[in-house]
Amino acid sequence: MTEDSTDLFDDLFARRVVPVLVPMPAPKPYSYAVPEGMAVEPGSIVQVPLGPRQVLGVVWDGIDDGSVDPKKLKAITRAFDCPPLAKDMRTFLDWVATYTVSPPGLVARMALRAPAAFDPEPMIEGLRLTDMRPERMTSARERVIATADNGFTWTRSGLAHAAGTSSSVIDGLTAQGVFETVFMPPPPVVALPDPDYVEHRLEGPQKQAALDLLESVDAGGFSVSLIDGITGSGKTEVYFEAIAATLKAGKQVLILLPEIALTASFLERFQDRFGSKPAEWHSDLAPRTREKVWRQVTEGGVRVVAGARSALFLPFENLGLIVVDEEHDPAYKQEDRVFYNARDMAVVRARIGEFPIVLVSATPSVESRVNGDLGRYNPIHLPTRFGDAALPDLGLVDMRKHPPERGGFLSPILLRYIGKAVERGEQALLFLNRRGYAPLTLCRVCGHRFQCPDCSSWLVEHRFRGQIQCHHCGYAQKTPESCPECGTLDHLVACGPGVERIAEEVDRHFPDARTIVLSSDLMGVKRLRLELEAIAKGEADIVVGTQLVAKGHNFPMMTFVGIVDADIGLANGDPRAAERTFQLLSQVTGRAGRTGLKSLGLLQTYQPQHPVMQAIVSGDSDAFYEREISEREKALLPPFGRLASIIVSADTRADAEGHARGLRQAAPKVSGITILGPAEAPLALIRGRHRFRLLVHGRRNSDMQAFVKTMMANGPKMRGSVSVQLDIDPQSFL
C-alpha cells in the first residue's frame, strides 16, 4: 500500500471500520464495524452477520471508500482467540484468487477448514504429587507414589498405566490429598522431530545430491530445486537432509504427497529418520485430529506436516521449506470450486514467503523439466539406485505376435514369467489402469449396451460386488440376469478387462498362489494400508492393481512387473497423453527389484514402435523428453503456451450450447489468443447435465486471466440451470 492508503487504512481502523473477507463466492471483502472493546487486525479470524446467518471471516487488507456510514454497518459479532493469518499468507490467497479467476472468499475458505480450532484447545486436568501420604500404604499405592515422585505432572490414566494399577487407586490417593489437581496444556498431536535422531546414510551420488540441495537451502531466500532421480535412487533420503537443516533453523516444513492416505510407508520412513511421524493432513483425518493439527500448525507446535494438496493452505506460523514429492502426479490438480495445481501454487507460496521449495520425481513433468533446462530450477540428478541396486530389465511383448489364449488377456510370455517369480518365492505385479471386472457389458442377441442413465459413459461391471456402476456419478444397479431390451437370459457378455477380470485369469492359471487385488473401489483407506503392508512383508505372491501401485511403494520381494495394456493411456485426445503414459509406466515398472534382486518388467502392447514404448524399454528418458518438449514448443502448448478451459453445463443441451456460444461471441479480439469451440465435451453428459467446452489457447506471455474475465463479464448472464467452470492451466480434457 502507498503511504496515503496506509493512512486511510489506519483512519478506518480508528473509526472502527474494517474489510472482512467471508468464505463465500463474494468478489471482494465486505465492510463491518468493530464493536467497542474488541481488538482486531489484518488477518484476525472473526464471526460476522451475513444476511440472517452468522459466518466466519478474515479481517483483510485494503481500504474502504467510506461511502457507508459506519453507524449503518453491521458489527463483527466475535473475534476468535487465534493467531491471525500472516501477511504472506494473505498475499498468497489473493494471488491464487487472481490467477485462477476465483472468488477470493472461496480461496480463503480453504485456509479456514477447521472452525472448531479457532478457539484455544482446552487445558487438560493433571495430577501432581504433594507432601501428604496416605493413612494406609499398599503395594499399589507405593508404586503410584514412586512413579509420580519425579516432580512431573501426570494425567490420571497415564499415571495408572505407568504404575500398573487401576484408576481407582489414583482416585483414593487424590481424595486423601496425596495428589493435587493442576491444569496442563493439551499434548501435541505428534512428537517433535529430531533432526539428529539418525545420521544420514547417504553415499556416492546421493551424498553429492544432498550437498547440492543443502547449498540451495542454506543460502536462504527463494529457490526451486528439482530432484530428478530414477525409482529407488534415494530421493526421499536426500530431501530428508533439507528437512533436517530446516528444523535445525527452527522453521516448519510442509511435505506434499499425491496420495497421503496410502503412504503409511513414507510416514514410517520419516519416523525412522527423525524419531517421530509428521502430522498428517488429508480428507480421511478424524475431525478432532484435524482441528488439533490446524491449531498447532498455526501456533508453531507442529513442525512438519505431510499432507495432500489442501495442506498447502494451512496457515503455518513459520514455514521454511516445502517439498512436493511425485511432483508430476495429476492428483495435485484440484478440479472443484477453485481449480488449481498444488505444485505450481506451492512454488508461488515459497516465492512469496521467500524460502526454498524442492520438487521431486523419477519422471518430472515436462513443465518442470523445461524450467530445469532453462536454469529457473536447480536440477539435481540421481542416475543410479541406492546401494547400487540394479534397475529391472525391460522388454515389450508384441500382442500381435504373442496373443493371449481365447477369452484371456495375458500373453503366454507374461504367464511364463509370473510362474517363474512365484516358483522362486518372489512376487509378481500385474498392472492395469482400469477398475472393476469389465468396462462394458452388452447383450449378444440384440447388441444392447449398458449405459449410465445420467452420464455419457458405459456402466462398469464390478463382479466382486455384483453390480454395474458408473465411475463418474456413482450410479449403480445390481448386475442384471437378462437383457432389459430384448429380455434374453444368459446372453450378457463382459467386454474388455478390468483388474477383477485379470485376477480371475491369474487364479485360473495359478490356483495355489496368493493373489491380492489393489483398487480404490474395493476397500477403504485402512484396509488398503493393511494390504500394502501384507505385500511388503511377502504375504502375497501375485498383486493385480490399478495406478495405486505406482505411488512410490516399496515391495522388497517384487521381481516381476507385467503391464497388461500399455497402450491404454494413448488412445485419447489429451495433449499430455504421451507424457502421462510414460510417467505411469515408468513408475510401475520401477516397483521391481528395489532391494537388489534381479528383476524384469514386460509391457504388453499393440504399438511396440511407439516413442513412449521405445523410451521406456531403452531407458533413454532424455530422448523422450527432447521429443515431447519439441512437439510442445511447435504447437505452443504448455509450458510454451497457455490454455484455459471453460465448461458450460445445464439441464438441457440447448441451454448449455446457447450459453457457450454466447461466451464465444463475447470474447474480446486479442492478438495471440484464440478460442476453440464450443463443442460437446468428450463426456457430454455427467450427472444429467449436458456439457459444452471452450478451449482458450494463447502464447506464453498472454494475459489469459484478463481475457477470460472480459469474456465472462461481456457474455450472457447465467440463468436457470446454467453453470460455468473455469480452469486456468487445465490438466483434464474430458
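Visitor: Why is the crossing of H16 and H18 called left-handed?
Guide: H16 and H18 cross in the left-handed sense. Both are DSSP runs (helices are H or I, at least four residues; strands are E, at least two; numbering starts at the N terminus). H16 covers residues 577–589, and H18 covers residues 621–635.

Visitor: What kind of model is this?
Guide: The model is predicted, with local features needing pLDDT of at least 70 and side-chain atom pairs pLDDT 80 or more, while totals for chains, interfaces and linings use all residues. Residues are numbered from 1 along each chain as its sequence is written, and side-chain values use heavy atoms, without hydrogens and water.

Visitor: How do you know how H16 and H18 are oriented?
Guide: Their angle is about 160°, and their axes lie 11 Å apart. Axes are lines fitted to C-alpha atoms, for helices over the stretch in contact, and angles run from 0 to 180 degrees between N-to-C directions. H16 is therefore roughly antiparallel to H18. The cut-offs are under 35 degrees for roughly parallel, over 145 for roughly antiparallel, 65 to 115 for roughly perpendicular, and oblique for the rest.

Visitor: Which residues make that contact?
Guide: Contact means heavy atoms within 4.5 Å. From H16 come Ala578, Glu579 and Phe582; from H18 come Ser621, Phe624, Tyr625, Glu628 and Arg632. By class, four are nonpolar, one is polar and three are charged. Ala, Val, Leu, Ile, Met, Phe, Trp, Tyr, Cys and Pro count as nonpolar; Asp, Glu, Lys and Arg as charged; the others, Gly among them, as polar.

Visitor: What makes H16 and H17 parallel or antiparallel?
Guide: H16 packs on H17 (residues 611–618) at about 30°, with the axes 10 Å apart. H16 and H17 are therefore roughly parallel. This crossing is right-handed. Ala578, Thr581, Phe582, Leu585 and Ser586 of H16 touch Val612, Met613, Ala615 and Ile616 of H17. Seven of these residues are nonpolar, two are polar and none is charged.

Visitor: Which residues line the largest cavity?
Guide: The lining has 15 residues, and His328, Arg343, Ser365, Arg580 and Gln731 lie nearest the centre. H16 gives the most, with three residues.

Visitor: What makes some backbone spots stand out?
Guide: Most peptide bonds are trans, and most residues other than glycine have a negative phi. The bond from Pro638 to Pro639 is cis, with omega near 10°. Pro639 sits in the loop between H18 and strand E28 (641–650). The bond from Gly677 to Pro678 is cis too, with omega near 10°. Pro678 belongs to strand E29 (residues 673–686). Glu326 is not a glycine, yet its phi is positive, about 50°. Glu326 lies in the loop between strands E12 (319–324) and E13 (333–336).

Note on methods:
On a 1 Å grid over the protein atoms alone, a cavity is a set of points where a 1.4 Å probe fits but cannot get out, and a pocket is an open set with protein on both sides within 12 Å along at least five of seven lines; lining residues have an atom within 4 Å of a point. A crossing is left-handed if the near helix is turned anticlockwise from the far one by less than a right angle, and right-handed if clockwise.
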